[in-house]
Amino acid sequence: MSTHMQTTAPPPAFRIGLTGDFFSHGHPVYPDFDLGVLERAAGMVCSTFSSHTDEVTPQQLSGLHGVIVLSPRITQHSLSQSHELLAVSRFGVGYDTVDVVACTANDVALCITSGAVDRPMAEATVGWMFALAYRMRLKDLQMREVRWDQRGMIMGTGLYGRTAGIIGFGGIGRSVVGMLSGLGMNPPLVYDPGVASEIIAAHGGRSVNLPYLMARSDFVSVHCPLNPQTKNLISAPELDLMKPDAFILNTARGGIINEDALFEVLAARRIAGAALDCFTSEPVIEPHRFALLENVILAPHNIGWTRELFRDIGAMACQNLIDLAHGKYPSAVVNPEVFDRPSFQKKWESVRIDHPPSTN
């Protein structure tokens, strides 16, 4: 008499990796990024890369269905062996470090965290507008150097009746326009060829071309992505159009404003000042030349970082992968055309934990 032993197959799992820069010496760099979102979702298994590299390697992606990426680049080489990888979820909205064409060609969806950064970045932008207009950096320095008797030498200007120019009308640009609406400023000027003028008008802005915006804005604020079309979008000809008492702010990406041209106009005081959160070459590991200028406010690409921002970005980055694992379309996909590829659909079907592959 024989005995038949029935074994139970292990439950399917959707394997996720986090790039190594989320942790330092075993501790989370950003504690407000709560991985509990993944831990509470059925079937999700999470691990962290053992080391941090500037470019994700094929070996690091081996066996993964999804990856949450902070700063490393994702290239064609990274994806060259990504037979099971279904998605890259960027921890943020920028994706200039990710080869989108390579993602699509390798049947990998690229997800970002649109919406999670809008309010913090908009608040930081408007805060910087006030700081520039009221010359807060110089007044702080004046007090620290006990130059009380020189108070009258540093005079600010109000925002009332002035004009903001918004370059890029995505979620952050729209949030900035919304926050400015109650300050008594003129209707914002908006340059974004990819957004219909009717949509811009519906949000309270006025669609204009770039030279018009540069010439008539008191504050030029950059919120567009960095790509071949926007690299050096603002160079010497555009900066020369600005008013001498106007300010420029960049909280988007370095490289959109030509740094050589910007340094020249700021050093010559041909414009009033600038606030810069991002730079052509990052990370900045030695004193930057813009730090020599007293009419510039600087931040190390973190001006909008708040506890709420990291909480919300983390939750959305995780949710993008949870949705895919359960057969749902994520909220923000950069390359939606990948879903039309039969090879992607076949891969998706094979790794979904709500429809595990057949064992027959």
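Buried residues account for 47% of the 360 residues in the protein. The model is predicted. Its fold comprises 12 helices and 14 strands, and the C-alpha trace spans about 105 × 45 × 35 Å along the principal axes.

**Contacts and surface**
- Of the contacts in the protein with a separation of 6 or more, 65% join residues 24 or more positions apart.
- The accessible surface amounts to about 18,000 Å², and carbon and sulfur atoms contribute 55% of that area.

**Charge**
- The protein carries 28 positive and 35 negative side chains.

**Second largest pocket**
- The second largest pocket holds about 310 Å³ of space.
- Its lining consists of 21 residues, and L132, R135, F247, A272 and N295 are the closest to the pocket centre.
- At least two lining residues come from each of helix 4 (118-133), helix 5 (136-144) and strand 14 (296-298).

**Enclosed space**
- The structure contains 1 cavity of 30 Å³ or more.
- The largest cavity has about 50 Å³ of space.
- Residues lining the largest cavity include the run N250, R253, G254, G255, I256, I257 and E259.
- L262, L276, C278 and F290 also line the largest cavity.

Conventions
Residues are numbered from 1 along each chain as its sequence is written. This is a predicted model: local features need pLDDT of at least 70, side-chain atom pairs count only at pLDDT 80 or more; totals for chains, interfaces and linings use all residues. Side-chain values use heavy atoms; hydrogens and water are left out. Helices (H or I, at least four residues) and strands (E, at least two) are DSSP runs, numbered from the N terminus. Buried means under 20% relative accessible area, exposed over 50%, partly exposed in between (1.4 Å probe, protein chains only). Contact means heavy atoms within 4.5 Å. Accessible areas come from the Shrake-Rupley method with a 1.4 Å probe; for residues, only the protein chains shown count as cover. Lys and Arg count as positive and Asp and Glu as negative; His and the chain ends are not counted. The place of a charge is taken as NZ of Lys, CZ of Arg, CG of Asp or CD of Glu. On a 1 Å grid over the protein atoms alone, a cavity is a set of points where a 1.4 Å probe fits but cannot get out, and a pocket is an open set with protein on both sides within 12 Å along at least five of seven lines; lining residues have an atom within 4 Å of a point. Grid points are joined across faces, edges and corners, and a volume is the space filled by probe spheres set on the points.
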